[in-house]
Amino acid sequence: MSSSTAAPGQSPIAEAGPQSLCARAPHVPADRLVAEMVPPPRFDSVRFDTYIPDPNQPSQTEAVRVLSGFAAGLGGAHASGAGKRRWFARSKPAAPAGPRGVYLDGGYGVGKTHLLASLWHATPAAPEQKAFGTFVELTNLVGALGFQQTVRTLSGHRLLCIDEFELDDPGDTVLVSSLLARLVEEGVALAATSNTLPGKLGEGRFASADFLREIQGLSTHFKSLRIDGDDYRHRGLPEAPAPYSDEQVAKTAYATDGASLDDFPHLLDHLARVHPSRYGALTDGLKAVCLTDVTPVPDQSTALRLVVLADRLYDREVPVLASGVPFDQLFSEEMLNGGYRKKYFRAISRLTALARDAKGLVKP
């Protein structure tokens, strides 16, 4: 059936043709959440020897050395399958002494996710005995399976990698602290990335004494490894490309197989109706995301949802072509100076990289 008007949320330029993110409402079963706890496509082929340290930042070379040694030391009971046999044992093994994990601390764009994924790949265990996911994906897994089932699911693993460790509310702090404590007791090794040291997580967001106490307890599970440096996505590269016109964006969406085309404000409204655990599924099969009328986000809740979408697009290497304001104008000065500023800078960095990737889609 044809129509003379665009679908709700789709750019008014387009009546048919490209897909629309606003028309998608994916359902993600719990078993998919577990099966997808592996490094995302962008980091599927990375290894320690493909990480290129900045010669001016010796901490980057040191990180490769330390993590390589950490991976080599993770062979043993779980990797050989004894972890599964433990289900039938009458008693638990003794909890390991000292920190049971590594914590990669550094600014956005220094290659922390590359190193974390390299650790996952280098760990001598079968893929099903290693788990890799973002902090948000881990909390979503607990929401889908329940706490006890998540412990049972992950306790047979040799390694759990948690990317972008960010504590957005005290409830998540208690939840993840308890989960990691249980997994450490079961002999699971931990590795995490964040832009903030474990003892400083939540600073500038909450002042609760209980919250800070939970953070301090969590930090004892990790040995911190500082990684200094500039954002590699901008190292020696030009600024983000200027936005295109609505007409250029629509024309490119029509000409690109597997592209979506949406009006940005409508997409932000749609994200409020889709749980962030489904944002990855929201982008399934897309080869490009085309957005018209990009404007600054109106509030912090909307901004945080956009951060999650930016992460999923970046993980899946989906280029983003847009009209409207440049991506470095998405967030207000108040947001960029607030407690979530590192999330927003990460989103700007990643969307800028995806905007560069989209330049080749535009025909003269």
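Mentor: The protein holds 15 helices and 8 strands; helices (H or I, at least four residues) and strands (E, at least two) are DSSP runs, numbered from the N terminus. This is a predicted model, in which local features need pLDDT of at least 70, side-chain atom pairs count only at pLDDT 80 or more, and totals for chains, interfaces and linings use all residues. Residues are numbered from 1 along each chain as its sequence is written, and side-chain values use heavy atoms, leaving out hydrogens and water.

Trainee: Why are helix 2 and helix 5 called roughly parallel to each other?

Mentor: Helix 2 (residues 58-72) and helix 5 (residues 112-122) pack at an angle of about 30°. Angles under 35 degrees count as roughly parallel, over 145 as roughly antiparallel, 65 to 115 as roughly perpendicular and the rest as oblique. Helix 2 and helix 5 are therefore roughly parallel.

Trainee: Which residues make that contact?

Mentor: Ala63, Val64, Leu67, Phe70 and Ala71 of helix 2 meet Leu115, Leu119 and Ala122 of helix 5, where contact means heavy atoms within 4.5 Å.

Trainee: What makes helix 6 and helix 8 roughly perpendicular?

Mentor: Helix 6 (residues 135-145) and helix 8 (residues 170-185) pack at an angle of about 80°. Helix 6 and helix 8 are therefore roughly perpendicular to each other. Phe135, Leu138, Thr139 and Val142 in helix 6 meet Asp172, Leu175, Val176 and Leu179 in helix 8.

Trainee: How many residues are there in the protein, and what percentage of them is buried?

Mentor: Of the 364 residues, 52% are buried, meaning under 20% relative accessible area, with exposed over 50% and partly exposed in between (1.4 Å probe, protein chains only).

Definitions and conventions: Axes fitted to C-alpha atoms, helices over the stretch in contact; angles between N-to-C directions.
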